[in-house]
Amino acid sequence: MCFPGKTIRRAASSHRLRQPRKSIMQGNHRDGTPVYKRIQNAIRERIEAAELKAGDAVASERELAKAHKVSLMTARHALAGLEREGLVERRRGAGTFVAAPKIHFNKLMSYTEHMSSRGLTPRSRVLLSKVIEDEQEIAARLGLPAASRMVKIVRLRLTGEEPFALETCYLPAKEYSGLASAPLGRSSLFGALKHDYGVELAYADEEIDATAADTNLADLLALPKGSAILRIRQVIYSTNGKATIYVVGYYRSERHTLFVRRFR
């Protein structure tokens, strides 16, 4: 009678020992969500609710571990995941901060669509909007005769008061001369083409390289002169295969990420 009783007590003891270990190793909350994800979700929700803004400090690993009753390793894992997502940045000796949002160029979207998809308010400052001619290289990129007249639109792209990019767009004036007077500081060029001209854009051929900001670009983008910037030249085609817009864009490299899928 004594032997079975001991067996039962050992089994119960073994069960009690295993249970906490499983909780620590898997880090699961009561609803089955891993604890590190619960920490990430809490920080993500505060960022989305604008309780935490770009540049604001995020709780340290030690503070997160104490608040969520987890190990330092779990808290560190949570912050590392948010850093990979680009939501936070960790500065050596200073701590962890909400990262400035990046624009991800993995789909043909207007600036307005890009910013809205990131939960940001898009804004543009129109620096120039007029009809030009005698731009032979640009006319050639649009498949136009050398002496063709084109609409030239130069816009500084911002979020809040911070400049993101400088974009210059060229379109055939024969079809789109009205765009020279369109309110493109408050509306999307893609949207205007669709709603006012019935033109749907389909795809773009792009040339991408790095260049250094000259004095004018540096001033406009609020960067030191000579800073590395991303240059993207695009020919954007409509659904009928016609070259519609030629764009030369200069982008702050620390605020933009380019995704490229390659096939073999």
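Reader: Why does Tyr170 count as buried?

Author: Tyr170 has 8% relative accessibility, and buried means under 20% relative accessible area, exposed over 50%, partly exposed in between (1.4 Å probe, protein chains only). Tyr170 therefore counts as buried. A word on the source: this is a predicted model, where local features need pLDDT of at least 70, side-chain atom pairs count only at pLDDT 80 or more, and totals for chains, interfaces and linings use all residues. Residues are numbered from 1 along each chain as its sequence is written, and side-chain values use heavy atoms, with hydrogens and water left out.

Reader: What makes Tyr203 and Tyr237 a stacked aromatic pair?

Author: Rings of Phe, Tyr and Trp (its six-membered ring) pair if their centres lie within 6.5 Å; planes under 30 degrees apart count as stacked, over 60 as edge-to-face and the rest as tilted. Tyr203 and Tyr237 are 4.8 Å apart centre to centre, with 10° between the planes, and form a stacked pair. Tyr203 lies in strand β8 (residues 201–212) and Tyr237 in strand β9 (residues 228–238), so the pair ties together parts 34 residues apart in sequence. Strands (E, at least two residues) and helices (H or I, at least four) are DSSP runs, numbered from the N terminus.

Reader: Is Tyr203 buried, or is it partly exposed?

Author: Tyr203 is partly exposed, because its relative accessible area is 39%.

Reader: How do you know that the side chains of Glu167 and Arg157 make a polar contact?

Author: A polar contact is a pair of N or O atoms within 3.5 Å; within protein, one must be able to donate a hydrogen and the other to accept it, and residues adjacent in sequence count only if both atoms are side-chain atoms. The side chains of Glu167 and Arg157 are joined at 2.8 Å. Another polar contact of 2.8 Å joins the side chains of Glu167 and Tyr251. Glu167 lies in strand β7 (residues 162–172), and at 10% relative accessibility Glu167 counts as buried.

Reader: What puts Arg91 over the face of Phe97?

Author: A charge sits over a ring if NZ of Lys or CZ of Arg is within 6 Å of the ring centre and within 35 degrees of the ring normal. Arg91 lies over the face of Phe97, at 4.1 Å from the ring centre.

Reader: Why are β1 and β2 said to stand at the edges?

Author: Three strands form an open sheet, in the order β1-β3-β2, with antiparallel pairing. β1 (57–58) and β2 (88–91) each have a single partner strand, so one side of each is left without a neighbour in the sheet. Two strands pair if DSSP finds at least two bridges between them, and four bridges join β2 to β3 (residues 95–98).
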